[in-house]
Amino acid sequence: MLLMDLLLVMSRLMKMMENLVHDDPKLINKSIKKQRKQQQKSVQKWKDRDETKNKARAEKQKARNDNIQGRIQAKKAKKIEKREKKLMRPGFEGVGFVCEMMGLYWVAAEVNCAGKNSV
């Protein structure tokens with residue numbers, strides 16, 4: 001209580017000295033409300049900015065992952081295409097090659113063209 005009395009006396013002294021004193025409770029409350037509103041507005045803006053940043057980051061990460069997967073798939077397709085091209089070469093006798101002997105078709109992995117069982 002002593003502090004309040006001291007403040008009251010000081011404000012009255014300041015008024016007597018014709019200095020500008022801001023002690024109107026209505027104006028003080030109004031300014032406090034204004035500051036709180038501004039603070040809430042700033043907090044909301046920050047949240048929006050943060051959400052936008054996170055969305056952009058997620059979109060970039062998704063695009064990056066899609067690009068990486070696309071490159072991996074392209075690489076696999078190229079390897080398969082290269083292998084298929086190699087297998088289609090005339091005279092290539094590897095696993096899966098079908099040779100014709102006496103009108104019958106045998107898979108080279110089971111029997112080679114000379115008629116002997118492969119080991």
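1. The structure holds 2 salt bridges, a salt bridge being a side-chain nitrogen of Lys or Arg within 4 Å of a carboxyl oxygen of Asp or Glu. This is a predicted model, in which local features need pLDDT of at least 70, side-chain atom pairs count only at pLDDT 80 or more, and totals for chains, interfaces and linings use all residues. Residues are numbered from 1 along each chain as its sequence is written, and side-chain values use heavy atoms, with hydrogens and water left out.

2. Read along the sequence, the pattern is α-α-β-β, from 2 helices and 2 strands (DSSP runs: H or I of at least four residues for helices, E of at least two for strands, numbered from the N terminus).

3. Asp66 and Lys62 pair at 3.2 Å, N to O. They are 4 residues apart in helix α2, and therefore separated by about one helical turn. Asp66 is partly exposed at 44% relative accessible area, while Lys62 counts as exposed at 53% (buried is under 20%, exposed over 50%, partly exposed in between; 1.4 Å probe, protein chains only).

4. The other pair is Asp50 with Lys53, whose closest N and O atoms are 3.8 Å apart. Both residues lie in helix α2 (residues 25-87), 3 residues apart. Asp50, at 32%, is partly exposed, as is Lys53 at 46%.

5. Leu3, Met4, Leu6, Leu7 and Met10 make a nonpolar surface patch of about 530 Å² (residues with over 30% relative accessible area and no salt bridge, nonpolar side chains being joined within 5 Å and like charges within 9 Å). Leu3 sits in helix α1 (residues 2-16) and is exposed at 58%.

6. Of the 119 residues, 5% count as buried.

Technical notes: Accessible areas come from the Shrake-Rupley method with a 1.4 Å probe; for residues, only the protein chains shown count as cover.
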